[in-house]
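Subject: Structure handover

Dear colleague,

I am passing the structure below on to you, and my notes on it follow. Please read them with the structure open beside you.

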Amino acid sequence: MAESVSAPRRPFISGNWKMHHTHLDAIAMVQKLSYLLTDADYQAVDVSIHPAFTALRSIQTVLDADQIPIALGAQNCHWESKGAYTGEISPLMLAKLNVAWVIVGHSERRQLFGETDEWVNRKAKAVFAAGMTPIVCCGETLEERQAGSTESRCLGQVSAGLEGLTAEQVAALVIAYEPIWAIGTGVVATPEDAQAVIGAIRVEVGRLHGAGAAAAVRIQYGGSVKPGNIAELMAQPDIDGALVGGASLEAEDFSRLVRYRLT
Ligand code: PGA
């Protein structure tokens, strides 16, 4: 049984750049961000950015050279460390670039590229095995929400995605609840709706992995998070952060998200 973790959960804001920004644009973006964000911001909030694979090496170099405390993240990986998997990137390759966080099971991967819960689970384990930490995504479609199956859908994805992980691993990872109907649509879940699902996810984590893991695991909301709506989402008791797509692409907007307490 894991020890109960009572430390407060640190807010965690992540920028998922998806298939945007060449490595040159990415470098410019990080330079602007480092100018806009201050030590006080980094003391209050953990920040990660998830550029395309082609920009990881350049961004790693900039973050290291200027000692910028933004964690480097990837958007996906394969579960094998090497092999005949044309077009794939292994966790080992990411770890060698100082990648700390890897998004697994984003709904775009699930919907557009056929990723299954089983793959998500294999990827989560492989990310840990390579010394990194996964951000495990879940979320329901509009049809599932309208059919009243939001919770069963999300809890199913979470229990399958986290299956076989230790309580310590679950405590360390991040879950991102991203209703698919809210991603890139400008339609954000209400803070109460997001809280209801995220609260249920935390209860399920407790049931499956123990109270310590449930108290420690950070759960982000994602889906049309903007500088104007982040504060009310973050005010909810179980929402510990945000996984942001569109509004993470501009340094000005992203820095305002990181400073959500002041927006
Ligand atoms: P969005 O994307 O902020 O553009 O809605 C969120 C995500 O897909 O992670």
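In what follows, Ala, Val, Leu, Ile, Met, Phe, Trp, Tyr, Cys and Pro count as nonpolar, Asp, Glu, Lys and Arg as charged, and the others, Gly among them, as polar. On that division, the shell around the ligand consists of four nonpolar, seven polar and two charged residues.

Please keep in mind that this is a predicted model, in which local features need pLDDT of at least 70 and side-chain atom pairs count only at pLDDT 80 or more, while totals for chains, interfaces and linings use all residues. Residues are numbered from 1 along each chain as its sequence is written, and side-chain values use heavy atoms, with hydrogens and water left out.

The ligand has 13 residues around it, of which Lys18, His106, Glu178, Gly184 and Ser224 come nearest; a residue counts as near if one of its heavy atoms lies within 4 Å of the molecule. Among the polar contacts (pairs of N or O atoms within 3.5 Å), a polar side-chain atom of His106 is 2.7 Å from a ligand oxygen, a polar backbone atom of Ser224 is likewise 2.7 Å from an oxygen atom of the ligand, and a backbone N or O atom of Gly245 lies 2.8 Å from a ligand oxygen. Of the 280 Å² of accessible area that the ligand has on its own, the protein covers 97% (areas come from the Shrake-Rupley method with a 1.4 Å probe).

Ser224 is found in the loop between β7 (218-222) and α12 (230-234), where helices (H or I, at least four residues) and strands (E, at least two) are DSSP runs numbered from the N terminus. Its relative accessibility is 8%, so Ser224 counts as buried, whereas Gly184, at 75%, counts as exposed; buried means under 20% relative accessible area, exposed over 50%, and partly exposed in between, with a 1.4 Å probe and protein chains only. Gly184 lies in the loop between β6 (174-177) and α10 (191-209), and its C-alpha atom is 7.4 Å from that of Gly245, although the two are 61 residues apart along the chain.

There is also a point about the backbone. Most residues other than glycine have a negative phi. Ser224, however, has a positive phi of about 60°, and His21, in the loop between β1 (12-16) and α1 (23-36), has a positive phi near 70°.

Terms used. Polar contact = N/O pair within 3.5 Å; in protein donor to acceptor, adjacent residues only side chain to side chain.
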